[in-house]
Amino acid sequence: MTIAGRSARSPDRMPVENPATAELFAEVPRCTAAQLDDAVLGAVAAFDRWSRSAADSRRAALLACGSALARAGDEVAELLTAEQGKPLRQARAEVALAADWFGHTAELSLPRQELVTEEAVEVTMDRTPVGPVAAIAPSNYPIILAVTKIAPALLAGNTVVLKPSPVTPLASLRMGQVLAEVLPPGVLSTVSGDGDLGPALVAHPAIRMVSFTGSIRSGQAIARCAADSFKRVVLELGGNDPCVLLPGTQIDRVAGEIFRRATVNSGQFCAAIKRVYVPAGQAAELTEALRAEAEAAIVGDGRDPRTDLGPLVSQAQLAHVHGLVESAARAGARVVTGGAALPGVGHFYPPTVVSDLPPGTDLEQDEQFGPVVPVIGYDDLDEALARANGTRFALGGSVWGEPAAARDFAARLECGTAWVNTHGDLRHDVPFGGLRESGRGVEYGHWGLLEYTNIKITHTARRP
């Protein structure tokens with residue numbers, strides 16, 4: 001751990017598992033209550049000077065962070081593959097994206113706005129930092145989803161305490177060490193711990209904002225806790241993104257892309273395709289095309305360069321995914337391919353295609369977060385729309401077909417982002433967030449930066 005610029009150990013340790021081998025291969029510190037207090041109070045102590053520093057100075061610090069992370073890229077990526085399971089080339093791409101994200105964020109600004117300029121009155125608006133921020137990152141993309149919080153928070157003048165997922169702490173702890181070398185002490189601390197650490201961090205009275213990516217249940221708990229002291233929250237929670245094919249869409253032209261958008265990172269992506277709606281007359285063709293894609297994909301250890309899809313991050317996640325598939329089969333769905341954990345060690349679940357899914361099954365209603373593609377036939381577009389919008393989730397969705405018709409249908413999807421003829425494309429300069437139980441607030445770009453600020457109005461009466 002890195003606390004207020006110093007490396008910190010703990011008398012208690014926490015094991016880390018390699019999901020490809022199911023072996024405990026490393027240990028990390030389990031943050032104590034006293035160490036957490038040191039991290040937060042270090043952020044408090046650093047806040048005044050950091051928040052008052054020149055914006056250009058903070059931009060330079062972000063650029064230095066990006067360069068430092070890029071230099072450590074191979075080391076961080078190897079840790080990421082070892083603890084999360086994704087193919088090493090994808091881990092390297094994630095770390096490179098995170099390093100670039102610092103530079104993209106440094107290009108943003110928060111200029112003063114003149115709201116009223118009159119002979120007797122001048123009113124201006126500034127965006128001021130919130131204070132110490134708790135950044136809580138998930139296990140699927142630990143590095144980039146930490147940086148998308150750290151970078152805008154620091155640019156706005158806040159200080160940050162980062163807590164990675166207890167399942168994937170190693171790469172984040174190493175990143176925290178790297179970044180602490182180029183930042184003033186206390187501006188960024190990184191702590192590791194189990195399920196008790198997050199609630200303690202959120203509840204700390206000196207934390208003024210929580211930025212969290214993770215499950216709906218955890219997001220609800222954070223929102224309840226934050227409400228006690230009116231902490232600001234940004235919550236990017238679960239997604240159960242629908243994909244709707246319009247009648248007449250050419251299956252052979254879109255099936256491969258839909259499969260890849262559904263199984264990216266072994267399906268462990270909030271904005272992956274989670275369910276596919278297709279005209280009933282084309283359902284068999286799409287199902288067969290997806291089956292062929294699934295059976296051609298190579299599932300294996302992320303260190304093997306041939307691997308397309310790595311393991312699920314934990315045995316618990318594998319059990320969750322398999323339970324949804326089994327439940328759907330009991331309800332009458334047909335498992336076309338896959339549908340059982342692969343033999344041997346590791347948490348490997350093959351890409352699985354399920355068809356003939358009855359309405360209302362958990363596989364349609366809940367987020368599987370695994371490489372499972374339910375294919376659901378529909379008779380008319382009103383039915384497709386009702387089922388696409390008929391869950392508690394509203395993160396993203398996509399429509400595939402003739403662009404004008406697809407855009408018209410996409411306008412009726414109830415979600416934070418609607419894609420047309422693609423899915424899950426996230427950009428540093430486009431806001432991203434969900435509706436309903438998929439969260440509140442947005443991340444990325446200028447709009448994400450604003451989340452880490454308060455509005456400060458200065459009303460000046462001019463004297464004659």
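1. The second largest cavity draws the largest share of its lining, three residues, from helix α15. Helices α4, α5 and α15 (445-450) each supply at least two lining residues. Helices here are DSSP runs of H or I with at least four residues, strands are E runs of at least two, and both are numbered from the N terminus. This is a predicted model: local features need pLDDT of at least 70, side-chain atom pairs count only at pLDDT 80 or more, and totals for chains, interfaces and linings use all residues. Residues are numbered from 1 along each chain as its sequence is written, and side-chain values use heavy atoms, with hydrogens and water left out.

2. The lining of that second largest cavity consists of W101, T105, L108, T148, P152, Y444, G445, G448 and L449. Its volume is about 40 Å³. By class, five of these residues are nonpolar, four polar and none charged. Nonpolar means Ala, Val, Leu, Ile, Met, Phe, Trp, Tyr, Cys and Pro; charged means Asp, Glu, Lys and Arg; the others, Gly among them, are polar.

3. The count of cavities of 30 Å³ or more is two. On a 1 Å grid over the protein atoms alone, a cavity is a set of points where a 1.4 Å probe fits but cannot get out; a pocket is an open set with protein on both sides within 12 Å along at least five of seven lines; lining residues have an atom within 4 Å of a point. Points are joined across faces, edges and corners, and volume is the space filled by probe spheres set on them.

4. The largest pocket has a volume of about 1,200 Å³. Its lining has 41 residues, and F212, G214, S215, I216 and S218 lie nearest the centre. Two or more lining residues come from each of α7 (197-203), β10 (209-213), α8 (216-227) and α11 (315-330). Helix α8 gives the most, seven. The classes are 19 nonpolar, 15 polar and seven charged.

5. The second largest pocket has a volume of about 770 Å³. Of its 32 lining residues, Q90, Y141, V264, N265 and F269 are closest to the centre. Helix α4 gives the most to this lining, five residues.
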